[in-house]
Amino acid sequence: MEQNNYLWNIKNNMIMGALELRDSVLEYINTADERLLKVVKAVIESYQENDIVAYTIDGKPLTRTTYKEELQEAKAEIKRGEYTSQEDLEKESNNW
């Protein structure tokens with residue numbers, strides 16, 4: 001019972017700590033000048049770049065940065081004419 005209370009207190013303190021931290025950060029943001037806001041925005045965007053936003057057909061996770069790189073490569077392939085048209089794909093599938 002004592003251990004359960006200890007774990008509850010740790011969890012509760014972590015939650016309260018996060019809430020207090022959020023409030024404190026919001027106070028800074030609400031009174032920040034443009035320079036600080038730009039820094040905060042850059043930090044958040046950098047943090048989000050490492051989020052997994054998609055998966056390859058093989059199940060490999062893609063971060064936001066990698067996903068954008070994959071999109072740019074796909075666009076480059078299309079510009080180079082490296083794609084299969086719907087018509088060609090249908091013809092090819094008839095031979096399967």
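The term pLDDT is the predictor's confidence in each residue, from 0 to 100. This is a predicted model, in which local features need pLDDT of at least 70 and side-chain atom pairs count only at pLDDT 80 or more, while totals for chains, interfaces and linings use all residues. Residues are numbered from 1 along each chain as its sequence is written, and side-chain values use heavy atoms, with hydrogens and water left out.

**View 1. Confidence along the protein.** The protein has an average pLDDT of 86, and 83% of the residues score at least 70. Among its elements, the lowest mean pLDDT, 74, belongs to helix α1 (residues 2–30), and the highest, 94, to α3. Helices here are DSSP runs (H or I, at least four residues), numbered from the N terminus.

View 2. Helix α3 covers residues 64–79, and its 16 residues should span 22 Å at 1.5 Å a residue. The expected span is 1.5 Å times one less than the number of residues. The end C-alpha atoms of α3 are 23 Å apart, which agrees. Just after α3, Gly81 has a positive phi of about 80°.

**View 3. A nonpolar surface patch.** Tyr28, Leu36, Val39 and Val43 make up this patch, with about 390 Å² of accessible area together. Patch residues have over 30% relative accessible area and no salt bridge; nonpolar side chains (Val, Leu, Ile, Met, Phe, Trp, Tyr) are joined within 5 Å, and like charges within 9 Å. Areas come from the Shrake-Rupley method with a 1.4 Å probe, and for residues only the protein chains shown count as cover. Helix α2 (residues 34–49) gives the most to the patch, three residues. Tyr28 lies in helix α1 and is exposed, at 57% relative accessible area (buried means under 20%, exposed over 50%, partly exposed in between; 1.4 Å probe, protein chains only).

**View 4. The salt bridge between Glu49 and Lys68.** The structure holds six salt bridges, each a side-chain nitrogen of Lys or Arg within 4 Å of a carboxyl oxygen of Asp or Glu. Glu49 and Lys68 meet in one of them, at 3.4 Å, N to O. This pair links distant parts of the chain, with Glu49 in helix α2 and Lys68 in helix α3, 19 residues apart. Glu49 is partly exposed at 22%, and Lys68 is partly exposed at 44%.

**View 5. A salt-bridge network.** Glu73, Arg80 and Glu82 are linked by salt bridges. The side chains of Glu82 and Arg80 meet at 2.9 Å, N to O.

Definitions and conventions. Helices (H or I, at least four residues) and strands (E, at least two) are DSSP runs, numbered from the N terminus.
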